[in-house]
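Here are a few exercises to work through with the coordinates open. Try each one yourself before reading the solution.

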Amino acid sequence: MSQAFRFGDKSVPAVSPEALGDPTFTRDYGLKYAYVTGAMANGIASEALVEAVAKAGMLGFFGSAGLSIERVTAAIDRLQASLGNIPHGFNLIHSPSEQDLEAAVVELYIKKGVRLVEASAYLGLTAHVVRYRLHGIRRGADGTVITPNRIIAKASRVEVVRKFFSPAPEAILKELLAKGQITQEQAALAKEIPVAQDATAEADSGGHTDNRPLVTMLPSFMALRDQLQAEFGYASPLRVGAAGGISTPAAAAAAFAMGAAYVLTGSVNQACVESGSCDAVRAMLAQAEQADVAMAPAADMFEMGVKVQVLKRGTMFAMRAAKLYEVYNANASMDAIPAPVKTALERDLFKAPLETIWAQTREFFLKRDPREAQRGDADPKHRMALVFRWYLGLASRWANAGEPSRRLDYQVWCGPAMGAFNEWARGSFLAEPAERRAVVVGLNILVGAAYLARLNILRLQGARLAPELQRFAPGTLDRLQDCLGRERHPA
Ligand SMILES: Cc1cc2nc3c(=O)[nH]c(=O)nc-3n(C[C@H](O)[C@H](O)[C@H](O)COP(=O)(O)O)c2cc1C
């Protein structure tokens with residue numbers, strides 16, 4: 001990769017994987033590669049995953065969503081001890097139905113000195129996310145605005161990114177001032193910076209997704225970036241990264257060619273040995289083809305009809321969850337569910353009477369959020385939603401834990417990127433789940449993307465290339481290190 005080469009009368013300059021993406025992104029975050037592994041809930045983006053990629057010069061986000069404050073605290077302690085100043089981050093997820101939890105996570109991140117978060121699932125800004133960003137903001141001796149806390153926002157809609165790319169709104173600043181969480185001077189400084197300097201355009205992906213194509217989204221995000229940068233004239237220019245469907249060298253090459261400042265992967269990392277999932281799920285993921293995914297009702301926003309993308313092959317979750325949503329819409333309460341339907345649900349999904357599940361769910365909410373338990377007592381339709389969400393919520397925990405009696409109920413968030421990776425890896429060592437290490441996967445994607453970028457330059461000069469040259473085959477770490485000039489990558 002490191003030398004220019006000639007091909008007949010055509011020549012190709014060197015393209016190294018480090019050169020892909022926006023050099024200010026890698027410089028600002030202290031990375032070697034413009035490669036990010038996105039947060040995956042319930043610790044699926046585990047400490048081990050974050051450690052592995054961080055040590056190789058990539059950026060990993062720990063999957064804090066769905067975890068207790070105690071569990072997130074343990075992750076912060078471990079990563080701060082094992083990584084020290086090596087860049088890494090944590091997820092800050094918007095929880096519309098659990099505002100107190102979002103506030104507690106922000107409090108924790110501030111207390112523990114977490115300096116970088118991936119903010120996701122936001123529909124609009126909350127005082128919590130703005131508070132995180134503005135904590136410690138001050139004017140440096142040279143006049144620049146110093147912001148110790150940084151946010152990489154992730155969204156699939158430009159309306160949302162517009163808010164993150166703008167300075168914090170006046171109403172939220174007033175609220176933070178009133179609570180004494182920022183000073184007048186900090187409120188004034190907030191007008192000079194965006195809430196997030198970086199935003200990831202998230203196309204059709206695993207988990208929550210609008211199923212939009214990256215090729216249509218990325219240009220709109222970049223146009224918005226340019227428009228807002230011109231409007232606000234920030235000292236540190238805005239940047240846009242790409243996610244959704246990226247798991248192969250060709251997909252990464254395409255995203256970088258379109259101008260992505262960085263690429264972010266998700267589904268493919270769940271299939272790696274470091275993920276917080278289990279071997280049974282990794283084996284299922286290794287079998288997936290691109291069409292083996294489906295949209296299924298989401299546990300967190302079930303009543304609103306929000307869906308998540310999940311693996312379809314080898315599990316009945318998508319079908320069973322869709323049935324629950326249908327039953328929820330058709331009935332005013334659990335008592336109104338026709339007897340044969342109720343019997344089938346109790347036998348196949350709940351393995352207990354619905355009333356027993358409600359008693360357990362009620363107990364759970366009395367400890368976690370008593371208001372929900374009260375709403376369930378008062379409103380039979382809400383009670384049904386909470387019971388159905390019991391199944392949806394546990395289905396992903398059964399998958400992560402590899403619960404053998406619940407194999408058919410595994411909820412595995414997954415996008416078409418998984419099938420694309422399997423197709424590319426077929427017949428190579430990477431077809432084997434045990435060989436899938438996040439850094440080996442990431443380096444293959446990057447080294448392969450650099451190779452394909454070079455090839456494209458030849459193609460643009462009119463060179464005709466043999467088919468075997470047009471594909472970058474999976475390489476072992478040794479082979480990749482040869483390509484990279486034998487540098488050592490811990491993997
Ligand atoms: C198993 C799984 C869990 C995820 N959980 C979260 C999450 O908790 N927070 C978040 O911001 N994104 C989450 N995502 C999205 C990823 O961080 C990433 O944006 C997305 O997977 C990229 O698209 P891809 O799946 O096509 O690679 C999840 C994705 C997967 C596959």
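A residue counts as buried if 20 or more other C-beta atoms lie within 10 Å of its own, as exposed if 12 or fewer do, and as partly exposed in between, with C-beta atoms placed from the backbone. Helices (H or I, at least four residues) and strands (E, at least two) are DSSP runs, numbered from the N terminus. Keep in mind that this is a predicted model: local features need pLDDT of at least 70, side-chain atom pairs count only at pLDDT 80 or more, and totals for chains, interfaces and linings use all residues. Residue numbers start from 1 along each chain as its sequence is written.

**Exercise 1.** Work out which way the residues of S10 point, and whether they are buried or exposed.

*Solution.* Now look at S10, residues 198-202. Asp198, Thr200 and Glu202 point one way, while Ala199 and Ala201 point the other way. Then check burial: five of the five residues in S10 are buried. Across the protein, buried residues make up 47% of the 491 residues.

**Exercise 2.** Find the strands that pair with S10.

*Solution.* On one side, S9 (residues 150-155) runs parallel to S10 and is joined to S10 by four bridges; here Lys154 has Thr200 as its bridge partner.

**Exercise 3.** Which residues come nearest to the ligand, and what is the shell around the ligand made of?

*Solution.* Take a residue as near if its C-beta atom, placed from the backbone, lies within 6 Å of the molecule. That gives 30 residues around the ligand, and Gly38, Ser120, Ser205, Gly206 and Gly266 come nearest. The elements giving two or more residues to this shell are S5 (89-93), S6 (116-120), S13 (263-265) and helix H11 (267-270). Finally, sort by type: 12 are nonpolar (Ala, Val, Leu, Ile, Met, Phe, Trp, Tyr, Cys and Pro), three are charged (Asp, Glu, Lys and Arg), and 15 are polar (the others, Gly among them).

Terms used:
Two strands pair if DSSP finds at least two bridges between them.
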